[in-house]
Amino acid sequence: MQLKIIRPKEANAIAKITVHKTGKLGFSKGAMEILKLEENKFSKFGFNEAEDFFIIMCKESDEETFNVAKAGDYYYITAKSLLEDLEIDYKSDDTTIFDIRKTEEENMYKLNKRVISK
């Protein structure tokens, strides 16, 4: 019997953004790959009419972008003001995570929020 093997199309690692108690958004390895953080050094955040939350990755900065910083192998965004606007208590013991989902728009990704209570 001959099998046709199906190759994975998704990143091997989980693509998520985690809210840290410092007010930073930390990117998982999967997020770094899917968002292409080596080339996309800036991001924008927004909502659509249905109140779905999105991140848009950019190569250039403007007055609406957040800077994607790097420390060692780790990428993050300093986002206290964004988190406050979203009414996310980043100092909480609960962990807030945004799962990343591709959209049909280039460089635009849907963020699905989930909270892990401690």
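**Figure 1. Lysine K24 over the ring of Y76.** In this predicted model, K24 lies over the face of Y76, 4.4 Å from the ring centre (a charge sits over a ring if NZ of Lys or CZ of Arg is within 6 Å of the ring centre and within 35 degrees of the ring normal). Y76 counts as buried, at 15% relative accessibility, whereas Y74 is partly exposed, with a relative accessible area of 31% (buried means under 20% relative accessible area, exposed over 50%, partly exposed in between; 1.4 Å probe, protein chains only). Residues are numbered from 1 along each chain as its sequence is written, and side-chain values use heavy atoms, leaving out hydrogens and water. Because the model is predicted, local features need pLDDT of at least 70 and side-chain atom pairs count only at pLDDT 80 or more, while totals for chains, interfaces and linings use all residues.

Figure 2. The structure holds five aromatic pairs (rings of Phe, Tyr and Trp, the last by its six-membered ring, pair if their centres lie within 6.5 Å; planes under 30 degrees apart count as stacked, over 60 as edge-to-face and the rest as tilted). The rings of F45 and F66 form an edge-to-face pair, with centres 5.4 Å apart and planes at 80°. F45 belongs to strand β3 (residues 42–47) and F66 to strand β5, so this pair ties together parts that are 21 residues apart in sequence (strands are DSSP runs of E, at least two residues, and helices runs of H or I, at least four, numbered from the N terminus). Y74 and Y76 form a stacked pair, 5.7 Å centre to centre with 20° between the planes. One aromatic cluster is formed by F45, F47, F53, F66 and F98.

**Figure 3. Pairing of strands β8 and β9.** Strand β8 (residues 95–102) and strand β9 (residues 108–116) pair in the antiparallel sense over eight bridges (two strands pair if DSSP finds at least two bridges between them). I100 stands opposite L111 in β9. K110, also found in β9, is partly exposed at 27% relative accessibility. Leaving aside neighbours within four places in sequence, K110 is in contact with residues including D52, F54 and I100 (contact means heavy atoms within 4.5 Å).

**Figure 4. The largest nonpolar core.** This core has 25 residues, and L25, F27, L35, I55 and I100 have the most contacts inside it (a nonpolar core is a set of buried Ala, Val, Leu, Ile, Met, Phe, Trp, Tyr and Cys residues joined through side-chain atoms within 4.5 Å). Strand β4 supplies the largest share, three residues.
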